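Please review the model shown here. The briefing that follows treats its strands, helices, aromatic rings and selected residues by topic.

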Amino acid sequence: MIRLTSLMLTLALAVAGCAPEPAQRSVGADGKALPRVYKITAADEARIEYRTLDGLNSLRRAAGVPEVALNAQLNAAAATHSRDMSVQNRPWHFGSDGSSPIDRVRRVGYTGRMLGENISETYESEVETLAAWMAEDDTRRVLMDPNAKDLGFAWYQEPNGKIWWTLILGG
């Protein structure tokens, strides 16, 4: 029995020695962990809108507000703004041509009322971005607007991994 236990312990130590080293997280000058880059792959592209829609609708159901549906026109307005924020290199609600969120949804032919827009400049996933929006009162109010029926959601990812997210709700 002692011999079997010794053999098992030796085998376990040998196998443990073959295990890869845990990945070290890069640390910035302030000593805090640097963000990990969420690289969007072609396979992810087809799923991101639906993961966001499902996540948002789960949150809305829990809050007792009606679900929203993806809207192609609002998606187009969101995609245009995400790319434009990257060109401007700043997260803000106005386009490089001075357009407002209302102007952008009108341009794509959306006939409903634009209720709100959330934006983000990050290296995080859509799920992490949605969670960050839920953590702030002003962006959570947009997400939980009981009058919302339509969702536009898009992004632009730069080669360095930075992602510009835009979410628009309409009703």
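Strands S1 and S3 (residues 150–157) pair in the parallel sense over two bridges; two strands count as paired if DSSP finds at least two bridges between them. Helices (H or I, at least four residues) and strands (E, at least two) are DSSP runs, numbered from the N terminus. This is a predicted model, in which local features need pLDDT of at least 70 and side-chain atom pairs count only at pLDDT 80 or more, while totals for chains, interfaces and linings use all residues. Residues are numbered from 1 along each chain as its sequence is written, and side-chain values use heavy atoms, with hydrogens and water left out.

**Confidence**
- The protein chain has an average pLDDT of 85, and 82% of the residues score at least 70; pLDDT is the predictor's confidence in each residue, from 0 to 100.
- Where pLDDT is low, the predicted coordinates should not be read in detail.

**Sheet and packed helices**
- Four strands form an open sheet in the order S1-S3-S4-S2, with mixed pairing.
- Strand S1 (69–70) and strand S2 (114–122) are at the edges with a single partner strand each, so one side of each is left without a neighbour in the sheet.
- Within the pairing of S1 and S3, Leu70 stands opposite Leu151 in S3.
- Helix H2 (residues 42–63) lies across S1, S3 and strand S4 (163–170), and runs at about 135° to S3.
- Helix H5 (residues 126–134) also packs on the sheet, where it touches S2, S3 and S4, and its direction makes about 120° with that of S2.
- For these angles, axes are lines fitted to C-alpha atoms, for helices over the stretch in contact, and the values run from 0 to 180 degrees between N-to-C directions.

**Aromatic rings**
- Rings of Phe, Tyr and Trp (its six-membered ring) pair if their centres lie within 6.5 Å; planes under 30 degrees apart count as stacked, over 60 as edge-to-face and the rest as tilted.
- The count by this rule is three aromatic pairs.
- The ring centres of Trp155 and Trp165 are 5.9 Å apart and the planes stand at 50°, so the pair is tilted.
- This pair links distant parts of the chain, with Trp155 in strand S3 and Trp165 in strand S4, 10 residues apart.
- Trp155 and Trp165 are both buried; buried means under 20% relative accessible area, exposed over 50%, and partly exposed in between (1.4 Å probe, protein chains only).
- One aromatic cluster is formed by Phe153, Trp155 and Trp165.
- The charged end of Arg90 sits over the ring of Trp92, 3.8 Å from its centre; the rule requires NZ of Lys or CZ of Arg within 6 Å of the ring centre and within 35 degrees of the ring normal.

**Selected residues**
- Glu124 is in the loop between S2 and H5 and, at 32% relative accessibility, counts as partly exposed.
- Residues up to four places away in sequence aside, Glu124 touches Tyr38, Thr129, Ile163 and Trp165.
- Ser120 lies in strand S2 and counts as buried at 15% relative accessibility.
- Beyond its neighbours within four places in sequence, Ser120 is in contact with Thr129, Trp133, Ile163, Trp164 and Trp165.
- Asn89, in the loop between helix H3 (72–88) and helix H4 (101–107), has a phi near 55°, a positive value in a residue other than glycine.

Note on methods
Contact = heavy atoms within 4.5 Å.
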